[in-house]
Amino acid sequence: MPASIVVIAETGFGELTPESLECVEEAREVADGIGADVHAILPGDEVEALADELAAHGADRVTVIEHQALAQFTADGWLAAVPPLLQEARPILTLAPDSGYTCAWLPRLSVRWRIPMATGCIRVKLTDEGYPEVFRVSHNGRLHERQIWARGTAVMVLLCPGVRGVGPGRADRKADVRVVRPALTPSSFRDRTLRTHPPDPQDVDLGDAERIVSGGLGVGGPEGMAELQQLADELKASLGGTRVVADRGWLAHDRYIGTTGKIVAPKLYLALGVSGAGQHVAGITGSETVIAINTDRTAPLLKMADLGVVGDLHQIVPILIRKLRSHADAELETSPGSTPAALTGEQIG
Ligand SMILES: Cc1cc2nc3c(=O)[nH]c(=O)nc-3n(C[C@H](O)[C@H](O)[C@H](O)COP(=O)(O)OP(=O)(O)OC[C@H]3O[C@@H](n4cnc5c(N)ncnc54)[C@H](O)[C@@H]3O)c2cc1C
């Protein structure tokens, strides 16, 4: 039996998360280098049909853990259901997405089993001598670290979301699929997710957004981001930004763009006070039109933008908002059926 690299996959709204597929593809790459196989473990309820997708992205084996109590995430539930399979698989490495779910349960297992865990990983490999090695981001993105463990250490590796992207799956790839139905006692679980709400696409789903207004440190603070939100509202755009803006708490962390954040491909990417660091630009190359506003004419983003404006965003943004609002008002006045005159009591009532 070849050695195994295990991936612990997650689902969201009935689908595999892209982060899980990234882990499978990363595991495939490592496994190919050493003749190991990739074994995906997928906990959930009625998730067996997703096994083919794990296979298409590189899993040789898939173990699906089916239980009604796992329909929504529960750290205690996963701690009860997954470890027996890990013990059976005896992986040389375990990969999981660096997600809120993983962080809620895997560190507890790492401590219990005294197996090292590495968070924030951007790459993993086994050296020629067989030592597990990871490259990871630490200190809030300020440092890159390379960590190596003794040969045979079955490190648990948490891979940063978006770090490699998801490649095209190969439908002809098949896996051995096994379904296990463990006897769990949900009444003993101390945590339970009641329901999960999908994000508002206009606000959060940057990967699918058609228009993005993006703020960098040049916005100056949370008030600056609030002004950009108004601009985004007028443009019916989503609000995004750079990682440092998210690190300062001016923007939700799931809305920063770049290599370690969201990869976006909107029709319009409007960047305000964003310098254009490589890690940020790598996340926006799929944009159709890039407009950048920056006080510094040497800012890298101005060079790659389709339209670059050298100027102070604090002066330009209020003008843009005003113009867009007066344009919207003018449209309302001229469009038949929606003119203020047409809004008669008769029509409303
Ligand atoms: C491992 C690692 C991973 C990273 N991953 C990411 C990532 O995924 N995404 C990401 O974004 N960053 C990432 N970073 C950070 C990245 O290197 C940059 O530090 C960051 O993108 C810079 O953000 P910024 O453009 O907001 O800030 P700055 O680089 O400080 O730029 C601010 C810009 O605002 C302009 N400005 C100032 N005042 C005004 C004004 N009034 N009007 C108009 N313009 C003004 C300035 O001229 C400047 O160009 C990562 C860093 C590391 C180390």
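Colour the chain by secondary structure to begin with: the protein has 11 helices and 16 strands, where helices (H or I, at least four residues) and strands (E, at least two) are DSSP runs numbered from the N terminus. This is a predicted model, in which local features need pLDDT of at least 70 and side-chain atom pairs count only at pLDDT 80 or more, while totals for chains, interfaces and linings use all residues. Residues are numbered from 1 along each chain as its sequence is written.

Of the 349 residues in the protein, 40% are buried, a residue being buried if 20 or more other C-beta atoms, placed from the backbone, lie within 10 Å of its own.

Next, select residues 4–188 and 206–334 separately, since these are domain 1 and domain 2 in the domain assignment, whose bounds come from an automatic or database assignment. Their centres, taken over C-alpha atoms, are separated by 35 Å. The contact between them takes seven residues from domain 1 and seven residues from domain 2, two residues being in contact if their C-beta atoms, placed from the backbone, lie within 7 Å.

Now display the open sheet of nine strands, which has the order β9-β8-β7-β10-β6-β1-β4-β5-β11 and mixed pairing; two strands pair if DSSP finds at least two bridges between them. At the edges stand β9 (143–148) and β11 (176–180), each with a single partner strand, so one side of each is left without a neighbour in the sheet. Within this sheet, pick out β7 (residues 117–126) and β10 (residues 156–159), which pair in the parallel sense over three bridges, and find Met 117 opposite Met 156 in β10.

Finally, which residues are closest to the ligand? Among the 31 residues that surround the ligand, the closest are Gly 216, Gly 218, Gly 258, Ser 275 and His 280, a residue being near a molecule if its C-beta atom, placed from the backbone, lies within 6 Å of it. Selecting α7 (243–247), α8 (278–281), β15 (289–294) and α10 (313–334) shows elements that each supply at least two residues of this shell. Domain 1 and domain 2 both give residues to the shell around the ligand, so the ligand lies between them.

Notes:
A residue is buried if 20 or more other C-beta atoms lie within 10 Å of its own, exposed if 12 or fewer, and partly exposed in between; C-beta atoms are placed from the backbone.
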